[in-house]
Amino acid sequence: MMIKPSKILSLLLACGLFSCAEKSAETAENTQPNVLVIYTDDVGYGDVSAYGGKIPTPNIDQLAADGLLFTNAYATAATCTPSRYSLLTGEYAWRAKGRGVAPGDASALIRPGVETLPAVMQRAGYRTAVIGKWHLGLGGDNGPDWNGELNPGPLEIGFDYSFIIPATGDRVPTVFVEDHHVVGLDPNDPIEVNYREKVGDRPTGKDHPELLKMMWSHGHNHTIVNGVSRIGYMAGGEAALWRDEDFAQTFVDKASGFIQAESEKPFFMYFSTHDIHVPRIAHEQFQGATDFGPRGDVIVQLDWQVGELMKLLKEQGLEENTLVIFSSDNGPVLDDGYVDQARELTGDHAQNGGLSGGKYSALEAGTRVPFIVKWPAKVQANTSSDVMFSQVDLLASFAAANQVSYDSSQAIDSENHYETLIGESETGRYALVQEALFSNLAYLRSDGYKFIPGNEGPEMVPWGPIIRTGFAEQDQLFNIQSDPKETKELSADNPEILAEMKEELRKIVEQ
């Protein structure tokens, strides 16, 4: 019997399509996910409505609805530079001096040769980018050369592309840096930065408060740029100065460009928002968006950024196989240097989620932060986890997931909890160390016991935020499972637990 040529063609096509479909399914199963880490600034445990906040955050809430919400996840420190250092290096920042909150003219804190999360991802075949706030220093031992090549920086520690603000929005220089150079700098108008004495002829907030669109409350009264006085003095660089209102759109645009660039490699992006750090100056479209003042408005702006990135992933067909992590570098603060009515207008919004303390503090609200994971291809939607997880574990976890070796002698504090991260395990950390103001430490175990060593630190953050530090001259012991506000000191009734925890912390510190 003769088979018609058309029938043969149909059979071949059918077999080919079946083979392709089979191959496609196999490829999807084995394809590395894109990884997008959205790292926010000063967003407290209760600032997101998915965690009980009163300010609407529908796009962030959708991440939780589509993924896994952690209720027991932690930044490593109650301030920004140490948390960022630990997330990127897998090492607690307090292990060496000089890793506290960095000044705006700090040398690079992470030098070439140090193991990093982006370097791990590069070795795993990813193209890597950092967009947004950096605050980990730039340049060699002599500090940054703002008018030349800013090296070392992100490109020397594992990032293929970098578009950043060097430190924070409230510190000079108020310029963007792309890869190794200040964006838009006129060589005939060089930048000069000084954190000790005034340079140039720009007015200061201290001498000319009438020029300000947002008054300073403490410590932010030096050079005025864009109607806001900053920490530190700056001269020159007029053409390169940023406009605070444009941060969110600028960072979203740069992230979009990188994500859409043609490449056969998956991407890893560390998207580090300026929101909701001070000065809280939202774009005009978000000003007055809430009844909570500028702080509420920048939370809405932050939520918009998340929404724009999620919309882009969907439009590009990347949503299904992109692992998104949303978290914060430390807990919340209201008055952090500017008169923006954050305290007066907070209303019934509990930014610390019912915990004690906040930014700078050894108490729980200092380091327990929102942490949401979305990965439609793998992570079950609308789930939650109370397993203990720390941001310092991202390095070891992604190394394990990609079967990439890493320098565990340097990334000494990172543990592989990848299965916990994606909701496939209920085994997390046994314990973690929390770093507070002045590098004072606390030690928290998964059984809920928390040890704060006695120290000479102040009871309150000393310069104005009205936040309890949790410090005391004597050792303190709490159980945050039964007492999340840390009101009942238990050391007298549990001397054996206190002694045990002191010894455990001692071993970690001396490791």
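**A loop and its surroundings**

Guide: The side chains of threonine 168 and arginine 171 are joined by a polar contact of 3.0 Å. A polar contact is a pair of N or O atoms within 3.5 Å; within protein one must be able to donate a hydrogen and the other to accept it, and residues adjacent in sequence count only if both atoms are side-chain atoms. The model is predicted: local features need pLDDT of at least 70, side-chain atom pairs count only at pLDDT 80 or more, and totals for chains, interfaces and linings use all residues. Residues are numbered from 1 along each chain as its sequence is written, and side-chain values use heavy atoms, with hydrogens and water left out.

Threonine 168 has another polar contact, with the side chain of aspartate 170, at 2.4 Å. Threonine 168 belongs to the loop that runs between strand E5 (161–165) and strand E6 (177–178). Helices (H or I, at least four residues) and strands (E, at least two) are DSSP runs numbered from the N terminus. With a relative accessibility of 1%, threonine 168 counts as buried (under 20%; exposed is over 50%, partly exposed in between, with a 1.4 Å probe and protein chains only). Neighbours within four places in sequence aside, threonine 168 is in contact (heavy atoms within 4.5 Å) with Lys133, His135, Trp242 and His277.

E5 and E6 belong to an open sheet of 10 strands with mixed pairing, in the order E7-E6-E5-E4-E12-E1-E13-E14-E2-E15. Strands pair if DSSP finds at least two bridges between them. Strand E7 (181–182) and strand E15 (383–385) are the edge strands, and each pairs on one side only. Within the sheet, strand E1 (residues 34–40) and strand E12 (residues 267–272) run parallel and are joined by 5 bridges. Isoleucine 38 has phenylalanine 271 of E12 as its bridge partner. Helix H2 (residues 58–66) packs on the sheet and touches strand E2 (68–70), strand E13 (322–328) and strand E14 (371–374). The direction of H2 makes about 60° with that of E14; axes are lines fitted to C-alpha atoms, for helices over the stretch in contact, and angles run from 0 to 180 degrees between N-to-C directions.

Two cis peptide bonds can be found in loops here. One runs from asparagine 151 to proline 152, with omega near 5°, and proline 152 sits in the loop between strand E4 (127–133) and E5. Another joins aspartate 275 and isoleucine 276, with omega about 10°; isoleucine 276 sits in the loop between E12 and H6. Helix H6 (residues 293–315) has 18 of its 23 residues buried, so the rest of the structure largely encloses H6. After H6 comes glycine 317, which has a positive phi near 70°.

Glutamine 341 also has a positive phi, near 60°, although this residue is not glycine. Glutamine 341 lies in the loop between E13 and E14 and is partly exposed, with a relative accessible area of 44%.

Next come the nonpolar residues. The largest nonpolar core has 53 residues, and among those touching the most other members are Trp134, Phe268 and Tyr270. A core is a set of buried Ala, Val, Leu, Ile, Met, Phe, Trp, Tyr and Cys residues joined through side-chain atoms within 4.5 Å. Tryptophan 134 touches residues including Arg84, Leu88, Pro154 and Ile165, when residues up to four places away in sequence are not counted. Another core, of 47 residues, lies apart from this one and includes Phe176, Ile259, Val298 and Val306.

E17 and strand E18 (residues 441–445) run antiparallel, with 5 bridges between them. Glutamate 435 has leucine 441 of E18 as its bridge partner.

Leucine 505 is part of H9 (residues 495–510) and is buried, with a relative accessible area of 6%. Residues up to four places away in sequence aside, leucine 505 touches Val433, Tyr443, Phe451 and Pro453. Phenylalanine 451 has leucine 477 of E20 as its bridge partner. E20 is covered on both faces: Gln476 and Phe478 are buried on one side, and Leu477 and Asn479 on the other.

Key. The expected span of a helix is 1.5 Å times one less than its number of residues.
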